[in-house]
Amino acid sequence: MIVVVTAGGPVKELPDFSLWPSAVYIGVDAGTIVLLEQGIQPAAAVGDFDSVSATEMAKIEMLFPELNRAAAEKDETDTELALEKAMDFSPETVIVTGVTGGRLDHYMSALHAIYKYQEKFPDTGFVLVNRQNRIRFLAPGVHRIQPDAAYRYISFYPFAQEVQGFKLENFKYEVDDEVIPFGSTRFISNELEAEGSVSFASGSCIVIESSDR
């Protein structure tokens with residue numbers, strides 16, 4: 001089960017939704033309209049909907065007559081509410097889209113929300129995806145990574161905690177038992193030569209797979 005959470009960021013930043021033809025889609029605020037314009041019927045709509053017009057809101061309410069509209073002033077962001085809704089579907093993977101390319105504060109809050117949910121639900125994979133990038137969090141241990149022509153470059157950064165005991169195998173640039181301190185740019189733009197592995201002993205690691213397209 002894949003759930004795709006779509007916020008209302010710039011359409012030019014969106015990935016190819018045809019990659020997930022059987023996914024369940026959740027619209028976040030104006031992201032509900034974005035999905036409809038892409039010909040996708042969302043299974044749910046979440047948010048305070050302060051970013052949609054009256055006409056668009058009427059369309060959303062017609063699709064979801066029992067819509068529980070969130071308060072504009074609240075502790076959780078709309079993306080957090082959508083991630084909580086996504087867990088109702090018991091997903092194996094949650095893909096978050098439409099949160100890059102616009103306001104950077106929205107992007108950062110989405111990134112932190114994804115990190116929080118990855119920590120809370122370790123058996124579910126949470127991935128932020130746009131047209132050029134795929135971002136996810138890794139816990140300590142060994143992780144296999146497959147080469148993907150759509151994402152040639154792979155970068156690693158610490159997130160929340162310094163990464164220790166870091167090891168890369170079958171990468172263009174291999175390392176063994178390294179430390180990734182905060183502020184390090186040493187582990188940017190690596191490349192896979194075959195199926196590779198990344199492992200580390202402690203900390204929290206964010207991996208960004210990117211293309212130049």
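## A tour of the predicted model

Start with the whole chain, coloured by confidence. This is a predicted model; the mean pLDDT of the protein chain is 91, and 98% of its residues reach 70 or more. Then compare two elements. Helix H2 has the lowest mean pLDDT among the elements, at 89. Strand E4 has the highest, at 97.

**Stop one: Phe49.** Select the loop that runs between strand E3 (44-46) and helix H2 (54-63); Phe49 sits there. Check its backbone. Phe49 is not a glycine, yet its phi is positive, about 60 degrees. Most residues other than glycine have a negative phi. Is Phe49 buried or exposed? Phe49 has a relative accessible area of 1%, and it counts as buried because that value is under 20%.

**Stop two: Ser90.** Move along to the loop between helix H3 (78-86) and strand E4 (93-97), where Ser90 is found. Here is another non-glycine residue with a positive phi: Ser90, at about 50 degrees. Keep the surface on. The relative accessible area of Ser90 is 61%, so Ser90 is exposed, the cut-off being over 50%.

Colour by secondary structure. What share of residues 141-206 is helix, and what share is strand? The chain here is 0% helix and 56% strand. Finish with a distance: the end C-alpha atoms of residues 141-206 are 13 Å apart.

Methods. Residues are numbered from 1 along each chain as its sequence is written. This is a predicted model: local features need pLDDT of at least 70, side-chain atom pairs count only at pLDDT 80 or more; totals for chains, interfaces and linings use all residues. Side-chain values use heavy atoms; hydrogens and water are left out. Helices (H or I, at least four residues) and strands (E, at least two) are DSSP runs, numbered from the N terminus. Buried means under 20% relative accessible area, exposed over 50%, partly exposed in between (1.4 Å probe, protein chains only). pLDDT is the predictor's confidence in each residue, from 0 to 100.
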